[in-house]
Amino acid sequence: MAHALALAARGLYTARPNPMVGCVIVRDGEVVGEGWHPRTGQPHAEVFALRAAGDRARGATAYVTLEPCAHHGRTPPCAEALVAAGVSRVVAAMRDPFPRVDGAGFARLQSAGIEVAAGLMETQARELNRGFLSRIERGRPWLRIKLAASLDGRTAMSSGESKWITGEAARADVQRWRARSAAILTGADTVLADDPALTVRLDPAADFVPPLRVVLDTGLRSLARGRVRDTAAPTLYLHGPGALPPPGTAAEFAALPLRDGRPDLAAALQLLAGRGINEVQVEAGPVLCGALLRAGLVDELLLYQAPLLLGDGARPLFAGLGIEAMAERLRLSLVDEARLGDDRRLLLRPVA
């Protein structure tokens, strides 16, 4: 199962909006077939593994990281393929909560006399597909805020100057996190100040699906800045109900309801979930980042910390948190830590 999870992770940049799935087929203690799901519309992991196994799949055990599908989508149901191949046992890391599967895959296998077991390495399987599971189970994408800061917690000078706080290794690492994201979310202030492209810059040989660039701009005041609308990736503007999108632009536009005169952030995430967005990476200023954190919509922080000081006049990580007493502090748990050149990368998650 550990090997199946490693295979599944090969679809990190390309499988979305589908979950990442890996499959290993074992007969008489020998791996006879393996596969993973590379891209939407292509065969699922079980099909690739069964093709590799051929006749040796009969009587074998299939280890799969997610319950085999039992419905006709873009591809035929994997449960039927396993039945037809004659496997005797299927071990799944977890049940698939997608409504068209959700136990139906297991039921089809059992109805054919195949032994089914589930729960092996489920924690690791859920972690791998946390974005897909968030969209299906909570109706919103997994939301990650990316930040680069000095040791004194500052992200830019008071003028907005921020290039560069971190070194080349950290900036290259950001590109890999962008590549795994289905959308990159920013605000109008960041677009106006920096005119960012928000594209993935990896080795030309790397295979990835360009993430959707999402600009939260109530009045569409940032349209004068154009790098975010180049042809390298699609762009979506989320605006207020009274804004009028201009004609003749390749970007998409969608209206959001307002709450207290500001965009409804929860509604924005629900809209993105409806578009099949599993993971959102936020690259924005302290106001939007603070609003998302205050609303309880942040699932993790990707913090790059550089060994330098910017002083108390520089911009903070978050604005508007309104913390006035130690009892109100927001606690974070450290999930992962890495050294990137002179910088540190911390993956943190809010503690409920």
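This is a predicted model: local features need pLDDT of at least 70, side-chain atom pairs count only at pLDDT 80 or more; totals for chains, interfaces and linings use all residues.
Residues are numbered from 1 along each chain as its sequence is written, and side-chain values use heavy atoms, with hydrogens and water left out.

Helices (H or I, at least four residues) and strands (E, at least two) are DSSP runs, numbered from the N terminus. Two strands pair if DSSP finds at least two bridges between them. An open sheet is formed by 5 strands in the order S2-S1-S3-S4-S5, with mixed pairing. Its edge strands, S2 (30-36) and S5 (115-118), each pair on one side only. From one strand to the next, the twist averages 15°. Strands S3 (residues 61-64) and S4 (residues 89-92) run parallel and are joined by 4 bridges. Tyr63 has Val91 in S4 as its bridge partner.

Helix H2 (residues 45-53) lies across S1 (22-27), S2 and S3. Contact here means heavy atoms within 4.5 Å. The helix runs at about 145° to S2. Axes are lines fitted to C-alpha atoms, for helices over the stretch in contact, and angles run from 0 to 180 degrees between N-to-C directions.

Strand S6 (residues 142-149) is largely enclosed by the rest of the structure, because 8 of its 8 residues are buried (under 20% relative accessible area, 1.4 Å probe, protein chains only). Trp142, Arg144, Lys146 and Ala148 are buried on one side, and Leu143, Ile145, Leu147 and Ala149 on the other. S6 runs parallel to S14 (residues 279-282), joined by 4 bridges. Arg144 stands opposite Gln281 in S14. S6 also runs parallel to S15 (residues 300-305), joined by 6 bridges. There, Ala149 has Gln305 as its bridge partner.

Lining residues have an atom within 4 Å of a point.

A cavity is a set of points where a 1.4 Å probe fits but cannot get out. Of the 15 residues that line the largest cavity, Arg16, Asn18, Met20, Asn278 and Glu279 are the closest to its centre.

Terms used:
On a 1 Å grid over the protein atoms alone, a cavity is a set of points where a 1.4 Å probe fits but cannot get out, and a pocket is an open set with protein on both sides within 12 Å along at least five of seven lines; lining residues have an atom within 4 Å of a point. Buried means under 20% relative accessible area, exposed over 50%, partly exposed in between (1.4 Å probe, protein chains only).
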